[in-house]
Amino acid sequence: MKKSGAVLRTKGWPGLQRRSVLSAGAASLLGACKPWLDADPGSDHITGGFTGINEARGHLLRDTKTWPAPAVQRKTRVLIAGGGVAGLAAARALRLRGMNDFALLELEDEAGGNSRGGSVAGVACPLGAHYLPLPGDDAPEVQDLLEEWGLRQRVAGRWEYDERAMCHSPQERLFFNGAWQEGLLPVQGVGEETLAQYRRFAALVEAARHDARWSIPAFRSAQTPFKQTLAAITFDTYLQQHELTDVHLRWYLDYCCRDDYGAGLESVSAWAGIHYFASRHGFHAPGYEAAEREGLLTWPEGNAWLTRRMASPLAERLHTGQIVLRVEQVKHGVEVDAFNTFTQQMERWQAEQVIVALPISVAARIVRNPPAFLMQTAARTVQAPWLVANIHIARPLFDRPGPAPSWDNVIYGDAASAPGLGYVDAMHQSLLPVPGATVLTHYRALGNVVGGPVKGREQLLQRPWVQWRDDMLRELSVAHPDLLRKTTRIDITRYGHAMAIPVPDAQGRAAQVPPSFGRIRFAHSDWASYSVFEEAFTLGHLAGS
Ligand SMILES: Cc1cc2nc3c(=O)[nH]c(=O)nc-3n(C[C@H](O)[C@H](O)[C@H](O)COP(=O)(O)OP(=O)(O)OC[C@H]3O[C@@H](n4cnc5c(N)ncnc54)[C@H](O)[C@@H]3O)c2cc1C
């Protein structure tokens, strides 16, 4: 998942028209030389493997029938289970209110959850999330965080963000009809009917913005009857109701849904489809002056830049490699059992209060005598599997006609030819005068492969690394025939249960701030019904406040 999805800021139509002539030439050249087949030097020189997530630990929780008796007893005032953005935000909130007697237990070897980073051949790259849109006024907690770190400051009465973290230009481009075009909405050479449908969709988004307030975090704006109606149907149904059937519009909207929600427009609700645009930048049809483009913050290691900063003050209060197995309220507090994967011992924690910052499906499994709201939300939460491939290239790639290499580079195509979401360039923010080796982070959302998320998870676990490698190289080689030769290594991170898909809900329910359950509080982006930093952070912050 990778960009805010600002639609189009094309002002220079004539330039684009000219390029569409070039693109026709490029397309026929591409078709003639079949780069993947003819220039194929074989992919055996490319090393790599699966990395990032310790699947065995997650599956231990599901599959183990008998655990050893507790061998170690520990005590803390507040215990946080789960060290993703929500858990780390809860820890920060505790510190801010002077509560320092807490511990955070995290499954993996590093905190950060879906917002962790890694490196390939010495080049830093994201393992999951990699950007943060500039937070709006509905996310004051996130604004405060950025201010605390000096990323946001008031200069001469205006808010300014640190230029080093603001995504540099050019930000995004689309490989469409054999050439790159600026922005991600297909425009080069599309017909009048397509443009008319873009305008009609833009008008619908504007109308939705007048009808209701849309916010991030979503719980900060009311779930009006209009939003409830949208939440009850799929985005696909909504588009059909409005006779929005154009293939390019549908491709773009499907791409946005897969990119932000892990599944396409046939899976997500119309609430989610509209929220994507209405809560941020709107949808601007070509030829219409777009509102000033919203910026975003990004780093070579992605949002790990943020989570590492949040984790660093925790020091010895952060316990990694811990599988939290049981959370139970007892007479004078809460008892938590966690299996320490380093010592292979069961540890029993006594706490006055526990913050469960875990995916809802895990929370429902480990909280004893769970409250009805947890079980009901767990029953209707569907999770998308994701795959993130970090592709190390030794030298810059040759480029096709069109705008220069951008931060976010997407390839147009159907589910068979372009199942992925393109790639972001980890070195895009680099100020080096000459481009060199880099890592391209390629994303795939598997929430709506044929057969749905369950099939996606099966694929994720069963397909060998070489098959993923060749599949991705084939897809990206359409735009970069020299990719195969220049790739040295591909590390793939597999997320079986990455994030909640905002599927339709018959009762039109959407985001919620989970109520407390005795001495237990809950926080995780799943409660928002979809997953972005602002949702996870705000819910975590509230749970720790
Ligand atoms: C591939 C991908 C790309 C994304 N890109 C972006 C992006 O660019 N921008 C953006 O804003 N958002 C992005 N997201 C969304 C991202 O999920 C959120 O930004 C955020 O990281 C979610 O944090 P969280 O705390 O809610 O959940 P999680 O990240 O799921 O955190 C839960 C934590 O609990 C731990 N845990 C689970 N079970 C146990 C257990 N039994 N015991 C102990 N610990 C356990 C996990 O290891 C994890 O650390 C992306 C997500 C994915 C999957």
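**Rings and a covered helix**

Modeller: To start, Arg309 sits over the face of Trp305, 3.7 Å from the ring centre (for a charge over a ring, NZ of Lys or CZ of Arg is within 6 Å of the ring centre and within 35 degrees of the ring normal). This is a predicted model, where local features need pLDDT of at least 70, side-chain atom pairs count only at pLDDT 80 or more, and totals for chains, interfaces and linings use all residues. Residues are numbered from 1 along each chain as its sequence is written, and side-chain values use heavy atoms, leaving out hydrogens and water.

Colleague: How many residues of helix α11 are buried?
Modeller: Buried means under 20% relative accessible area with a 1.4 Å probe, protein chains only; helices are DSSP runs of H or I, at least four residues, and strands are runs of E, at least two, numbered from the N terminus. Among the buried ones are Trp305 and Met310. Helix α11 spans residues 304–311 and is mostly covered, the buried count being 6 of its 8 residues.

Colleague: How are the planes of Tyr261 and Tyr276 arranged?
Modeller: Rings of Phe, Tyr and Trp (its six-membered ring) pair if their centres lie within 6.5 Å, with planes under 30 degrees apart stacked, over 60 edge-to-face and the rest tilted. Here the centres are 6.4 Å apart and the planes at 75°, making the pair edge-to-face.

Colleague: Why does that pair tie together parts 15 residues apart in sequence?
Modeller: Both tyrosines are buried. The pair does so because Tyr261 lies in helix α9 and Tyr276 in helix α10.

Definitions and conventions. Buried < 20%, exposed > 50% of the residue type's maximum accessible area, 1.4 Å probe, protein only.
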